[in-house]
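Here is a short report for you to read alongside the coordinates.

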Amino acid sequence: MTELRRKDKTFKDISLTFNPSPINGDLTTISDDRAINNSIKNLCLIKPNEVPFQRDIGSNVTALLFEFNDSFTAEVIEQEIRRTINFNEPRVELQEVRVDNKEETYEFIATIKYKIIGRETVFTVQQILTPSR
Amino acid sequence: MSGPINLTEVDFDQIKENLISYLKSTKQFTDYDFRGSNLQVILNLIAYQAQLNAYSTNMVANESFLASSSIRKNVVANARTIGYVPRSSRSATTTFDLSIQLRADNYPQGFPKTLTILPGRIALVKNGSASLTFNINQPEVASVSSTGYCEFLDVRIYEGVLLSNTFVVDYSEFNQKFILENINIDTTSLLVEVQEDPNQNEVKPYIEAGNFVELTGESRTYWIEEVDKKYYELVFGDGFFGRKLNNGSKIFVSYISSNAELGNGIQSTSNYTFIGTVNDSFNNKVSESMVIDTVGITEGGSSIEDESSIKFRAPREYAAQSRCVVSEDYETLVRKVFPAVDAVYAYGGETLPIPEYGRVYIAIKPKTGNKLSNLTKKYIKDSLDPFRVASLDINIVDPLILNIELNSMVYYDELKTRKDSYAIVSLVNESLENFKKSTTTPNFGGAIRYSKLIGAIDDADYSITRNETTMTMRRDITVVLNTDATYEICFDQFIESNKDVSTLYSSGFFLELNNIRDLKTYYFENDPKTIRYERNVETDFNELVSDVYCFYFNELNEKVRVNFISKPKTELKDLIGKNSSTSVKRLEIQDAGSGFKPADSLFNVPTTSNGSGTGLKVDLLVDSQGNIAAVTPSIDNLGLNYNAGDVITVNSPKENYKAATFIVVELNDGTGIVPFGKLYHERGELLLGYELDNGINFISTSNQDNIIEVRSTPNNNDIVADRDVYINLDIAKSTIQAIIDTEVSTS
């Protein structure tokens, strides 16, 4: 009897580093959780109105980084990241979003745990957010 | 297999869709349709760039043609290729009369022979909100009388500030341009003078180039062109067409910078203060002050031509080729010579009911007021002279302004809207304003179509279910106060001839009746009971006529008619008028006799007491036996001194008639009630006071500015403007009400 196996859909994106692949010299591709991690990072760092003719893409996270570095701002950033991902990234099911503020270095550390829809593995992506213009 | 990338769209989303379709077909990547993916970043970039390119290409193509260009610089440049110079600002202008009395003690040696007003500022004028300067552009000279009195008549003045520029021609400068950096220039006021030789002080006037074929290499001419930012550039000849300027020549330019429409509509000498400089013939400045005697209304000020007007007029002026041939040519050229017109309509005299060949009529509605002054009409007529076809006479007429008022009941379904009745009325008003502005309802030569009008009301809001609308025509008549006069008021539309209600009525006015001025407010309306057919002696057709009577309201608010009694006439010709049979009271054949021939006439030479003339003529209708069957009195070669009520006996049959005949004609003494006016329904003409002995003496009107509003109901649903009729949909004076439609099914 043949074993039933689920074939997972592969997500495949290009890398914006534009480095050639060391093996075949083609453009480097990234896939699955790496592609999605990259997408989440993009969504959080794009400011509204940045994408032409699509004002609703992006988040206010960049603007919030210039607020006071305290737990309240961290909470707001957390909410904003959650909203952004739920609204713009249909591939993931959010498990947890946590933002910690580090006053001494004036940065926020965002940790996002998610599942790719249809898969069981929980992926974690961590990003240090620093205000810079 | 991957297909081609379709990049024919100009819309960002569409371009991106096409790129995504392409990526789908390649199967290399999967993340192209997720918003945060890197591929999306790349796709956004490519789509944005493609869209920008498509937009630029589209704009370049659009801006290359007059009809589609939108940037002023390009519109002007496209118009220039067909020889059209956009009209500049125009100064308001008028004429005034000035006088001055010189004092003898200032001139012990005798008065100067002439006085001269120097060009430049001449008057400060208040327009209610600002103070404007008026100028003259050339010296005005007038002679001084032996008593030291001097009068300047019809001095033309222009609103604005007189400015000047000087340029020096410099060959070392590549592509030197002479640009007048002022957007308010009235180019018609330009005075260009050139000091051709830098070493000699002599300056020569240059004129704007006209007909190209008349130019030689020595013609002192310039061209004016609009360049960037609404500035104007002076261009001089190249030595073949127009004189070429030498290196070092100096160009002196003076012009008026105008305030456009701000200077229009000012009258009354009290608004004017003379500030000009007057020199006498000894070249001394005159110290006595100048008095402004009369001044006309200022008109003609207008802003620089806008882009839509350039796009409209340039091809038409090119089509007219600076010649007035067809009626559109006149319209185009009138706007060129006198820009401050709201609407203009030209028609040939041959289209009149009584054709006048060789005449062109131009009806002009100015931007301010309803009609042009006689001086302006003359100016326009003179300005059209170089363009007109020889032998064609131009007549400029005032437009017959026909206001259309609406009485509209608008029904709406309250379940379909959250707006209240006021909001619905305001939407209907807005929709009607748009209807008025639309090109389908031109003021001259257009028509107000009832079906379109009620359609516009229905379309004002989704919730409007229907409307019941009636149209009323209104003419505003300016009456002459305290003067006996008759009035002819034309609607040029068939006025309804309803036998139950009046279809023409007026606003209030005050009258002098029998030399008594009372405080009653009088009105007039047509009497529906008097509607009848009358023969028009000019056309020999019957036409619908009704009498118009005058009335006032008594304390019980009842209409009280005012009867006008015509006095007996002292001259037979007045009594009989055009229709002699109505003036004959009695006609009697005392002894008919016999032996007459058909179409015989009898004449009576009046007795000497009745004065000169051959008098009365009686046409005979003769039967086959030679007997008189009927007689028709008429007048032939009237004498004077007939008296009303005279009895004339025609008793002088010629010798070849068999028997003597006595026909007694007793003339009507003419007394009786006469109507206040007469309404000719079919041609829409109202004659007031024609039947009265002295006409009508209005002493005041209920409305301001001596205006009586005359309203009438049109017979037809559509109101068509013919010839000089200017249709104005008067929304401000219309009555529009909105109510909930109770007949709408709410299921």
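Thr116(B) counts as buried, because its relative accessibility is 18% (buried means under 20% relative accessible area, exposed over 50%, partly exposed in between, with a 1.4 Å probe and protein chains only). The residue sits in strand 2 (residues 114-117) of chain B; strands (E, at least two residues) and helices (H or I, at least four) are DSSP runs numbered from the N terminus. Beyond its neighbours within four places in sequence, Thr116(B) is in contact with Pro139(B), Glu140(B), Val141(B), Phe152(B), Thr277(B), Val278(B) and Asn279(B), where contact means heavy atoms within 4.5 Å.

A word on conventions: this is a predicted model, in which local features need pLDDT of at least 70 and side-chain atom pairs count only at pLDDT 80 or more, while totals for chains, interfaces and linings use all residues. Residues are numbered from 1 along each chain as its sequence is written, chains are lettered from A and ligands numbered from 1 in the order in which they are written, and side-chain values use heavy atoms, leaving out hydrogens and water.

Not counting residues up to four places away in sequence, Ile82(B) touches Leu66(B), Ala314(B), Pro315(B) and Tyr318(B). The C-alpha atoms of Ile82(B) and Glu317(B) are 9.1 Å apart, although 235 residues separate the two along the chain.

Now to the charged pairs. Over all chains the structure holds 46 salt bridges, each being a side-chain nitrogen of Lys or Arg within 4 Å of a carboxyl oxygen of Asp or Glu. Three of them are set out here:

| Glu196(B) | Arg220(B) | 2.7 Å |

Glu196(B) is buried, at 11% relative accessible area, whereas Arg220(B) is partly exposed at 26%.

What gathers on the surface? One patch of negative charge brings together Glu9(B), Asp11(B), Asp13(B), Glu17(B) and Asp33(B). Glu17(B) is placed in helix 1 (residues 12-26) of chain B and is partly exposed, at 46%. On chain A, Leu16(A), Phe18(A) and Leu27(A) make a nonpolar patch of about 250 Å². Patches are made of residues with over 30% relative accessible area and no salt bridge, like charges being joined within 9 Å and nonpolar side chains within 5 Å.

Chain A has three helices and five strands, running β-β-α-α-α-β-β-β from the N terminus, and 42% of its 133 residues count as buried. Chain B has nine helices and 46 strands, with 44% of its 747 residues buried.

Conventions: Accessible areas come from the Shrake-Rupley method with a 1.4 Å probe; for residues, only the protein chains shown count as cover. Lys and Arg count as positive and Asp and Glu as negative; His and the chain ends are not counted. The place of a charge is taken as NZ of Lys, CZ of Arg, CG of Asp or CD of Glu.
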